Amino acid sequence: MRTIYCIACLFIGLLCVRCHVQLPLAEVKNREGVPALFVNGTAYPPYAYMSYLGEPRFYQEMEKVGLHLYNIPAYLGDRGINSISGIKPFRSPIWVGENKLDYTSIRKDFDDLIASDSNAMAIIRIHLDAPVWWETLHPESASLQPDGSTFRTSMYSTLWKEEAGKILAQLVRWLEQSPYAKHLIGIHVAGGLTEEWMYHFRDEFYDESSVRLESFREWLRTRYSGDVERLRRSWNRHDVTFENAQLGDISGKVRTDRWRLPDTAGQVFDTFVFHGETTADNIAHFCRIVKEASRGRLLTGAFYGYHYFVDDPRRGHGALAKLLRCPDLDYLSSPNDYHRVIGEDWAPFAAIKSVQLHGKLWLAENDTRTSITTLLRDRAPHIQPEGTAYTDGVWLGPKSMDESEALLWKNLGRMLAYGYGGWWFDMWGGWFSDPKLMHIIASGQRFFERYPDEAFPAMAPKVAVIVDEKLGAMDASFGKLTGNLLRNRYALGKIGAPYDLYLREDLDAVKAGQYQVVWYMGLLSLTDEEQSFLEEATRQGAWMVWTDGVRSTVYQPDGEVQRMDAKIQWDAPEISELLGRAGVHRYLEGGTDVLYAGRGWICLHTADGGDKLIKLPFRAKVIDPDSEAVIATGDSFEVSMKAKSTRIFRLVKDDLKH
């Protein structure tokens, strides 16, 4: 265990015995080929619990099933995380005046948590939006609307970044000197709409503040290395300079169902790239502050990279590739896909293979509704008063406990098969308070201890999907066309085989010959490098699929090229059939069930049920990880599934070479 001394003692150059404490050191390090959570040098279960209300009785439920990692909400400001819903903040503000902080909410949360679980380890999710009083003092740092009014702090404000950063540093230093330090392992930096670093706006996006325009012009100078001729060629404007450049209109007021033309879209494209990079830079800024204030002890993470689900580029999630280069960021998160129905893959919002490639841990927010889910207005009417949004049952889950179990098993199975973690997000408490659901949460902890993590190279995906997080910047419909392309993710979840999802910026990490099928999904045009990869991959026996904005083209190893006009959406049987022709191992036929496979795990989720034949890429002993009963031994096995159910299987090496 690393010895950490109290900050006050370090400042005066003494090592005070009374202040000599051993604080937990949290890190993300490679484990069997994927980034994993370590605490004090030992691999730690990457599953946490969070509730906005944080009641001790629910903490105690988690402690009893062996879960000791928790997320605690905290707010610098005094407004709710959703700027348009009317829902109030879940905690009292910390930043209550000039140079004045109030730690009451954090003290209470920690006191309740530690009293419930003496072994608790916590990550604080701190929402960094400024309080109302600060915005009133600094209207020039707010988003300026066309009518002259303001709407929340501008994410482009350097003053907000500077002052909120100072408050964050002060908070971290206070925590490091507090009795809670031995229970704290990380800070989740949050901001913007719903804590997810999305820009606050109503129906249309506006920010006509001078700080935004000044920041944009400085950004352009950097982007074009001060070469005004390059800027003019990009924008196809002979009169633009770094001094007079204006932001493109990304309000969304005018929309058309077409892709923007590259030779006329330079200004708008740059505006969207700037829009996304500003958010990524903000996250990196606050992560660096946490690392410096904690002397590198605390983990840092954030919600970001929603390009695979949020198709509206105005939200600002178009710079994941840049953020992944941040050395101060340890993990990223998103909820699961919100098409929350039985029988569909609830994929994360981002290209998590790229996230893992850059050494960042992925943590899913499993805010899964169950049959015992409650409404916020019923649990906390003081937070959701009458007249606010989300009162129509959006928080309610399936009717039956069996379906609820199926959904949680599916959450767990995906995390196991693809080597990441997450937290069980019990929004207002009680969503998982049933023995059957708590058993699933307990199973995640037990499986971590019982089944050593292994890479299982023979189970590595043979399908790669390459996506462009900046696709929406070329979408004049502000998301409609992008969404049509991205809906292929539902079919991909049912192809009977796993796939890896990469950003196009990481194509150089994809080796020709590594995959049998590579799909350029939503790349409107190809760079020279992408064209060269296509040609090299097909020479080495891979099938390449390129779906641009209007058609799909299939390139076969024998040189045959099939062009499919107006084909941008594929169904699961079509993709599965192509995989079969390409020689990809499919664990399951049919294209109707969701299957996850990897790292010695198989998870099968079905809407219709029935008898299923699962084919393995090697001989193995197949066990039920829950009961440890042997189901089969061989290179295939059959299982009978109930409708609306999920099963998880563990493969055990049987003198295998893989």
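**A guided view of the predicted fold**

A464 stands opposite V518 in strand β20, where helices (H or I, at least four residues) and strands (E, at least two) are DSSP runs, numbered from the N terminus. This is a predicted model, in which local features need pLDDT of at least 70 and side-chain atom pairs count only at pLDDT 80 or more, while totals for chains, interfaces and linings use all residues. Residues are numbered from 1 along each chain as its sequence is written, and side-chain values use heavy atoms, with hydrogens and water left out.

Strand β18 has parallel partners: four bridges join it to β20, residues 517-521, and four bridges join it to β19, residues 500-503. Two strands count as paired if DSSP finds at least two bridges between them. Within β19, Y502 is the bridge partner of I466.

The C-alpha trace spans about 65 × 65 × 55 Å along its principal axes. Of the 658 residues, 62% are buried. Among contacts (heavy atoms within 4.5 Å) with a separation of 6 or more, 73% join residues 24 or more positions apart. The accessible surface, from the Shrake-Rupley method with a 1.4 Å probe, comes to about 25400 Å², and carbon and sulfur atoms account for 49% of that area. For residues, only the protein chains shown count as cover. The chain carries 76 positive side chains (Lys and Arg) and 88 negative ones (Asp and Glu), with His and the chain ends not counted. The centres of these two sets lie 2 Å apart, each charge being placed at NZ of Lys, CZ of Arg, CG of Asp or CD of Glu.

Another sheet shows a contrasting arrangement of strands. Three strands form an open sheet in the order β3-β4-β5, with antiparallel pairing. Strands β3 (26-31) and β5 (42-43) stand at the edges, each with a single partner strand, so one side of each is left without a neighbour in the sheet. Six bridges join β3 to β4, residues 34-39, and A26 stands opposite V39 in β4.

Two single residues complete the tour. R91 lies in the loop between β7 (69-75) and β8 (95-97), and it counts as buried because its relative accessibility is 11%. Leaving aside residues up to four places away in sequence, R91 touches S51, Y52, L53, G54, P73, Y75, S105 and D109. R91 and P73 are 18 residues apart along the chain, and their C-alpha atoms are separated by 7.4 Å. H285 is found in helix α8, residues 266-293. H285 is buried, with a relative accessible area of 16%, and it touches K161 and G165, again not counting residues up to four places away in sequence.

Technical notes: Buried < 20%, exposed > 50% of the residue type's maximum accessible area, 1.4 Å probe, protein only.
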